[in-house]
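Visitor: I'd like to learn how to read a few features off a model. Could you walk me through some?

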Amino acid sequence: MNRLVVAAPASGSGKTTVATGLMAALRQAGSRVAPFKVGPDYIDPGYHSLATGRPGRNLDPVMVGENRIPGLFAHGAKGCDLAVVEGVMGLFDGRIDTAGIGSTAHVAKLINAPVLFVVDARGQSRSLAALLHGFRGYDPTVRLGGVILNQVGSERHEQVLRSACDEVGLDVLGVLPRDPQFSLPSRHLGLVTAAEHGPEAVAAVDAIAAAVAKHVDLDAVRRLASVPAMAVAAWEPQVDRVAGEPVIAVAGGAAFTFGYAEHVEVLEAAGAAVAVLDPLHDEELPEGTAGLVLPGGFPEQHAEALSANAPLRAAVARFARSGAPVHAECGGLLYLARSLDGHEMCGVIDADGFMTPKLTLGYRDAVASTSSPLHPPGSRVTGHEFHRTQLSTPHSTPPAWHWRGVTSRPVAEGFVVGGVHASYLHTHPAGDPEAIARFVRACHPFVAGVADGTVFV
């Protein structure tokens with residue numbers, strides 16, 4: 001599998017623009033491109049999917065363990081001849097207080113891939129040589145194979161920058177001029193999702209692809225990506241299969257886009273029949289629903305429309321109160337609350353959600369506090385928080401998790417109510433596929449739509 005990693009000195013350098021444009025341009029030139037993103041990001045993979053026609057996948061050693069990364073890479077690259085992996089933040093930025101665990105450099109080494117370095121050249125000339133020299137020398141086991149100069153102001157600016165790259169012996173594989181059309185729309189948690197951006201997202205990807213095809217040497221990119229194959233078995237969800245194919249509805253559409261491709265794959269491997277539900281438009285749960293998954297997304301951007309769909313809100317509330325399994329993460333948690341920014345939601349969780357100016361962000365090592373369809377008490381996971389909303393404190397509801405935050409005091413987070421497990425914590429199914437299989441088993445008694453008094457232990 002030919003492969004390369006697109007990295008940068010820092011966030012905001014143009015990684016997403018270049019990576020997405022490369023994926024689309026290479027695909028248009030005849031390559032079968034496998035798209036990946038380092039870290040827990042859900043938004044960039046949506047644009048990667050538009051660019052390649054394949055599911056965007058994440059490579060996150062913190063969430064799934066570094067031992068699973070090569071196999072997950074091989075799994076996502078099946079049927080392709082070239083993989084493009086977009087990095088996260090700066091090249092060596094990983095989990096805080098670790099030696100770069102989960103960084104782009106970490107993943108590049110795990111899959112033995114060269115790095116194509118994207119540099120925002122605004123305000124730089126010969127000092128670029130010092131920057132490149134420092135990044136290449138910081139960890140010589142990470143192979144910087146070439147540079148793409150982004151935001152170049154003029155031909156003279158390009159000449160000076162190329163000379164700086166020559167000084168340190170790094171080839172320039174492309175030069176992108178300053179142009180506002182080579183960008184994607186942003187908001188409070190990053191880019192606007194591809195699903196929400198709709199036809200404009202397709203047009204943006206097409207414009208970026210055209211720019212990359214014009215200004216980047218795609219043959220040189222292919223040569224850089226030509227590296228020896230890895231002797232590794234592709235990841236497969238190893239879980240026991242439940243008989244009866246319980247129908248599990250998974251929320252999607254523009255409001256609920258924060259999910260991993262492996263989630264549906266593990267659900268199906270465990271015996272579930274997955275049905276997609278769009279809470280913005282569908283007024284009832286899929287026929288025969290025995291379990292419900294509400295992933296993250298941007299419900300705060302669609303609160304009025306979600307609230308207006310009263311029939312589905314009522315159906316979700318009835319379903320949750322029946323004791324049937326419900327797995328809600330972040331945006332799904334907000335949808336289950338009484339209200340979100342004053343708009344009525346499902347009312348399953350006795351709390352109200354509201355936007356705040358504060359960003360809550362980071363990995364969490366969590367311990368399950370309460371028995372639920374997903375976890376027995378005491379099970380441990382590593383997850384990720386990423387939100388600007390908060391919930392008012394409910395009354396006497398058992399928490400889903402405990403973890404230690406920046407202080408020594410443990411933090412109680414999330415809710416377990418009957419069969420509902422709702423939390424701000426995002427988890428990766430490949431990190432704990434048994435939790436997803438447990439969820440499917442918990443759905444089985446509800447296949448006929450009637451609870452049998454199941455107790456989670």
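This is a predicted model: local features need pLDDT of at least 70, side-chain atom pairs count only at pLDDT 80 or more; totals for chains, interfaces and linings use all residues.

Visitor: At what angle do helix α1 and helix α2 pack?

Guide: Helices (H or I, at least four residues) and strands (E, at least two) are DSSP runs, numbered from the N terminus. Axes are lines fitted to C-alpha atoms, for helices over the stretch in contact, and angles run from 0 to 180 degrees between N-to-C directions. Here α1 (residues 15-28) and α2 (residues 44-52) pack at about 20 degrees, their axes 8 Å apart. Angles under 35 degrees count as roughly parallel, over 145 as roughly antiparallel, 65 to 115 as roughly perpendicular and the rest as oblique. So α1 and α2 are roughly parallel to each other.

Visitor: Which residues of α1 and α2 meet?

Guide: Contact means heavy atoms within 4.5 Å. From α1 come Thr 16, Thr 20, Met 23, Ala 24 and Arg 27, and they meet Asp 44, Tyr 47, His 48, Leu 50, Ala 51 and Thr 52 of α2.

Visitor: And Lys 15: buried or exposed?

Guide: Buried means under 20% relative accessible area, exposed over 50%, partly exposed in between (1.4 Å probe, protein chains only). Lys 15 lies in α1, and its relative accessibility is 7%, so Lys 15 counts as buried. Beyond its neighbours within four places in sequence, Lys 15 has contacts including Val 6, Ala 7, Glu 86 and Met 89. Lys 15 and Val 118 are 103 residues apart in sequence, yet 6.4 Å apart in space, C-alpha to C-alpha.

Visitor: How many residues of helix α4 are buried?

Guide: Eight of the eight residues in α4 (residues 69-76) are buried; among them are Ile 69, Phe 73 and His 75. For contrast, look at Thr 393, in the loop between β17 (380-391) and β18 (401-404). Thr 393 has 68% relative accessibility, so it counts as exposed.

Visitor: How many disulfides does the structure hold?

Guide: A disulfide is a covalent bond between the sulfur atoms of two cysteines. The test used is a pair of cysteine sulfur atoms within 2.5 Å, and the structure holds zero disulfides. As for individual cysteines, Cys 80 is buried at 12% relative accessibility, and Cys 165 is buried at 0%.

Methods
Residues are numbered from 1 along each chain as its sequence is written. Side-chain values use heavy atoms; hydrogens and water are left out.
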